[in-house]
Structures are given as C-alpha cells and as structure tokens.
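The following account leads the reader through a single protein model. Please keep the sequence and the structure in view while reading.

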Amino acid sequence: MFSNPPRESDDNDLPEPYGDVVVRAPWGQQTALWEHPDRDINTPALPRYPVFGGAEHRFVPHPVTEVCAFVGEDDTGINYDDIVADGCVPYVGTGAYTISAEGGSVNVTVYNFG
C-alpha cells in the first residue's frame with residue numbers, strides 16, 4: 001500500500017511510487033516483490049499495488065531474513081522527490097512490516113513464501 005507523503009501537491013493527489021520492495025537471504029540474494037522504474041513526470045499513479053486477490057505471486061527460492069523497501073515518490077516539476085522507504089527490517093514470519101524514511105513509509109504484508 002502506498003500513501004502520499006505530506007509534501008505531495010500535484011493535482012491528482014495520488015502517489016507516484018518508484019523503486020523496489022525485496023526479500024533477502026542471509027547471504028544477500030534477493031527476490032523482488034514489487035519494482036517500478038522512476039519515469040519522472042511519467043511515473044504512473046499507483047495508490048495501491050498490488051491489489052489483494054489480483055496480486056502477482058512471486059516464488060522465493062531462498063530462505064528469507066529481511067524485508068526491504070527502497071521507494072521514492074515522484075514529484076517532478078513540483079519539488080524534490082520524497083524518499084518514502086529506505087532500508088530493511090528483520091523477517092519474523094507472516095504479517096505486516098513497515099519500512100520508513102524521512103518522507104513516509106511503506107507497508108508490506110507477507111502472507112506466505114513458497
């Protein structure tokens with residue numbers, strides 16, 4: 001789930017996230033759960049991604065020790081981009097994880113890996 005950072009001021013009031021959300025193995029291997037390039041003014045508004053029920057399922061071929069998010073929010077032409085999430089939290093099982101940065105946070109809900 002992506003929400004707008006407080007400095008958002010475009011005319012559609014929707015976030016334009018870019019970056020990636022990954023899970024990592026103890027040896028550094030990672031699998032992307034979500035990724036989107038920064039396309040500046042053309043970064044699409046994605047208020048929710050993926051939508052539960054239509055979610056893309058990714059196979060994670062390794063043990064998981066961290067849930068990580070490195071996500072910016074595009075504000076091209078308005079002000080500087082917000083850094084919404086920048087880092088990792090330990091994986092302790094299924095449930096909700098929040099990864100934060102100065103411009104906001106990203107919530108990642110893990111249902112199952114396999």
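This is a predicted model: local features need pLDDT of at least 70, side-chain atom pairs count only at pLDDT 80 or more; totals for chains, interfaces and linings use all residues.

A search of the whole structure finds one aromatic pair, and Tyr91 and Tyr97 form it, with 6.1 Å from centre to centre and 25 degrees between the planes. The pair is classed as stacked because planes under 30 degrees apart fall into that category.

The strand pairing may be taken next, beginning with the open sheet. Four strands form this sheet in the order E2-E1-E3-E4, and their pairing is antiparallel. Strand E2, residues 30-36, and strand E4, residues 82-90, stand at the edges; each has a single partner strand, so one side of each is left without a neighbour in the sheet. From one strand to the next, the twist averages 10 degrees.

Within that sheet, strand E1 (residues 17-24) and E2 pair in the antiparallel sense over six bridges. Val21 has Trp34 in E2 as its bridge partner, while Val22 is bridged to Ala32 in E2. E1 and E2 form a hairpin with five residues between them, and Gly28 in the turn has a positive phi of about 100 degrees.

A further antiparallel pairing involves strand E5 (residues 95-101) and strand E6 (residues 104-110), which are linked over seven bridges. A hairpin of two residues joins E5 to E6. In this pairing, Gly95 stands opposite Val110 in E6.

Which residues of the largest nonpolar core touch the most other members? This core has 15 residues, and those with the most contacts to other members are Val67, Ala69, Val71, Val106 and Val108. At least two residues of the core are supplied by each of E1, strand E3 (66-73), E4, E5 and E6. The surroundings of Val108 can be followed in detail. Leaving aside neighbours within four places in sequence, Val108 is in contact with Val21, Leu33, Val67, Gly95, Ala96, Tyr97 and Ile99. The contacts of Val108 thus include Val67, another residue named above, and Tyr97, which is also a member of the stacked aromatic pair.

His62 is found in the loop between E2 and E3. Is His62 buried or exposed? With a relative accessible area of 8%, His62 is buried, as the cut-off for that class is under 20%. The side chains of His62 and Thr31 are joined by a polar contact of 2.9 Å. When residues up to four places away in sequence are not counted, His62 touches Val23, Arg24, Ala25, Trp27, Gln29, Gln30 and Thr31.

Definitions and conventions:
Residues are numbered from 1 along each chain as its sequence is written. Side-chain values use heavy atoms; hydrogens and water are left out. Two strands pair if DSSP finds at least two bridges between them. Axes are lines fitted to C-alpha atoms, for helices over the stretch in contact, and angles run from 0 to 180 degrees between N-to-C directions. Rings of Phe, Tyr and Trp (its six-membered ring) pair if their centres lie within 6.5 Å; planes under 30 degrees apart count as stacked, over 60 as edge-to-face and the rest as tilted. A nonpolar core is a set of buried Ala, Val, Leu, Ile, Met, Phe, Trp, Tyr and Cys residues joined through side-chain atoms within 4.5 Å. Buried means under 20% relative accessible area, exposed over 50%, partly exposed in between (1.4 Å probe, protein chains only). Contact means heavy atoms within 4.5 Å. A polar contact is a pair of N or O atoms within 3.5 Å; within protein, one must be able to donate a hydrogen and the other to accept it, and residues adjacent in sequence count only if both atoms are side-chain atoms.
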